[in-house]
Amino acid sequence: MLMDGFDQGVIPMLGLAMLVLAVVAFVFALLAREDAYRAADKQSKTFWLVILGITVLVDFFLGMLFLQIAGLVATIVFFVDVRPALKQVSGGGRRSGGSSSDGPYGPYNGGR
């Protein structure tokens, strides 16, 4: 009885979550510039598009758990390692709201 609820409720929700995460990672990889991958010293844009595209296809069509877990690992690597490096290289890592006189530890007040 408990396994029926698990098989019909939790497993499909996890599959959907993995699919959504893979689609979001694919879109982020698609929107990043090719030269940002080289500047961040990461694999090429084509490499990440192929890996994440295969992950989306496996999650959507095949549903094979081993391949889904491998795709989830690739998606997590993209979000944890590649995307922050791309944001830093592309200038997207800056915090908003600061002025042009702000230094790395706060506003520069001219030696006062």
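Predicted model: local features only at pLDDT ≥ 70, side-chain atom pairs only at ≥ 80, totals over all residues.

**Salt bridges, rings and a surface patch**

Lys42 is partly exposed, with a relative accessible area of 25%. The side chain of Lys42 meets that of Asp81 in a salt bridge, 3.1 Å from N to O. The two residues link distant parts of the chain, since Lys42 sits in the loop between α2 and α3 while Asp81 belongs to helix α4, 39 residues apart. Asp81 is partly exposed, at a relative accessible area of 37%.

The structure holds three salt bridges. Side chains of opposite charge can pair when their charged atoms come close. Another bridge joins the side chains of Arg33 and Asp35, at 3.0 Å from N to O. Asp35 counts as partly exposed, with 34% relative accessibility. Glu34 also takes part in a salt bridge, with Arg38, and here the closest N and O atoms are 3.9 Å apart. Glu34 and Arg38 are separated by about one helical turn, because they stand four residues apart in helix α2 (residues 34–39). Glu34 is partly exposed at 30% relative accessibility, whereas Arg38 is exposed, with a relative accessible area of 58%.

The next topic is the aromatic residues. There are five aromatic pairs in the structure. In one of them, the ring centres of Phe28 and Phe79 are 6.1 Å apart and the planes stand at 90 degrees, so the pair is edge-to-face. Phe28 lies in helix α1 (residues 2–31) and Phe79 in helix α4, so this pair ties together parts that are 51 residues apart in sequence. Phe79 also pairs with Phe78, again edge-to-face, with 6.1 Å from centre to centre and 75 degrees between the planes. Phe28 is partly exposed, with a relative accessible area of 30%, and Phe79 is partly exposed at 23%. Phe78 counts as buried, at 1% relative accessibility. Phe28, Phe47, Trp48, Phe78 and Phe79 form one aromatic cluster.

Trp48 leads on to helix α3, where it is one of the buried residues. Helix α3 covers residues 45–62, which makes 18 residues, and reaches 25 Å from its first C-alpha to its last, close to the 26 Å expected at 1.5 Å a residue. Its buried residues also include Leu49, Leu52, Val56, Val58 and Asp59. Just after α3, Gly63 takes a positive phi of about 70 degrees.

Which residues form the nonpolar patch on the surface? They are Leu57, Phe60, Phe61, Leu62, Met64, Phe66 and Leu67, and together they have about 810 Å² of accessible area. The elements that give two or more residues to the patch are α3 and α4 (65–90), and α3 gives the most, with four residues.

Phe66 lies in α4 and is a member of the nonpolar patch. Phe66 is exposed, because its relative accessible area of 68% is over the 50% cut-off. Gln68 also lies in α4, but Gln68 is buried, because its relative accessible area of 9% is under the 20% limit. Setting aside residues up to four places away in sequence, Gln68 touches Met18, Val58, Asp59 and Gly63.

Note on methods: Residues numbered from 1 in each chain as written. Heavy atoms only, no water. Expected span 1.5 Å × (residues − 1). Buried < 20%, exposed > 50% of the residue type's maximum accessible area, 1.4 Å probe, protein only. Patch = residues over 30% accessible without salt bridge, like charges linked within 9 Å, V, L, I, M, F, W, Y side chains within 5 Å. Areas by Shrake-Rupley, 256 points an atom, 1.4 Å probe, with all protein chains shown as cover. Salt bridge = Lys/Arg side-chain N within 4 Å of Asp/Glu carboxyl O. Contact = heavy atoms within 4.5 Å. Phe/Tyr/Trp six-rings, centres within 6.5 Å; stacked < 30°, edge-to-face > 60°.
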